[in-house]
Structure formats: structure tokens, C-alpha cells
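Open your viewer and switch to a cartoon view.

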Amino acid sequence: GPPALGLRCWVLLRHLGALPSTEPGSLTTHVLNTATGLPAAGLALRLTQLGEPGEQWTELAQRWTDADGRCLPLLPPGQAEAGTYKLRFETAAYWKSLGYSSFYPFVEVVFTITDPAQKLHVPLLISPYSYTTYRGS
């Protein structure tokens, strides 16, 4: 892991594919700090699903990003269902850990899964005063 190799070396080897990536899953994310151009390591996030008739959110997973800004899959293969989901990223705590304040205390990304068999990747790009997300591959 990172402590034995040193963080920069570990991130580089992981990026180049020399170390195993996270296991496959049907829903993944990746968080990048656009202020530094580096992965956002140590950021807490959680996944919830909107229940029918659409009033109650049920927590499905909690994760922390690793040195590469990634985490274990939020939905393992075969566990996705059609429906509305929300990823909540705890951005204020992340920025505070780096000595910055954040305009956004957290970021919530709400999306719909229509085809549970399809792999989904939801990246998040963050800075203290902005964020961007998109459907990745």
C-alpha cells in the first residue's frame, strides 16, 4: 500500500497499471482536486437510494477515497437496481484537512440508473469554490 512505497510512487505505479486497481463494480467514482491537479485522497462519501414513492433515502455504502482519489465500488457487480441515487461528498471536511475553507460544505450528485447491467462511473472535480461532475466511463 501507500505507506511502504511512498504516496507519490504508489499513485504513479497505480496510474500506470503496475498495481491492481479497485475491483470491478457497477458504480464507481473518482475525485480530483483541480486546485492542485492531484487526486483528492481521504475524502468521505456515501451512496443512498431514493425509495418509492420517492420520499425516503436509504444508505447503501460509505467510503473514503484512497491516494488515487478512488474507492472500492459503491455497488458491486449485479447489485444495481433501476432507480434514483445520490452520492454525497464531504468536501468541507476534506478542504479543512488541507487548511482551506470551502464555499460548498458538501456536494450531492443525484442521478438515475435506468439500465442496471451498465457500468456507471461518476467522477467529481473539486476546488474550494467550484465543482464539476459528469457521467464517465
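How many bridges join strand E2 to E9? Select residues 31-33 for E2: three bridges join this strand to E9, and the two run parallel. Strands here are DSSP runs (E, at least two residues), numbered from the N terminus, and two strands pair if DSSP finds at least two bridges between them.

A word on what you are viewing: this is a predicted model, where local features need pLDDT of at least 70, side-chain atom pairs count only at pLDDT 80 or more, and totals for chains, interfaces and linings use all residues. Residues are numbered from 1 along each chain as its sequence is written, and side-chain values use heavy atoms, leaving out hydrogens and water.

Now show the whole sheet. Four strands form it, open and with mixed pairing, in the order E3-E2-E9-E10. At its edges are E3 (38-39) and E10 (130-133), each pairing on one side only.

Next, select E9 (residues 124-127), which pairs with E10 in the antiparallel sense over four bridges. A hairpin of two residues links E9 to E10. Click Ile126: Tyr131 in E10 stands opposite, while Asn33 is also a bridge partner of Ile126. Leu124, in turn, stands opposite Thr133 in E10.

Last stop: Ser127, in strand E9. Ser127 is buried, at 14% relative accessible area (buried is under 20%, exposed over 50%, partly exposed in between, with a 1.4 Å probe and protein chains only). Display its neighbours: leaving aside residues up to four places away in sequence, Ser127 touches Thr34, Ala35 and Trp95, where contact means heavy atoms within 4.5 Å.
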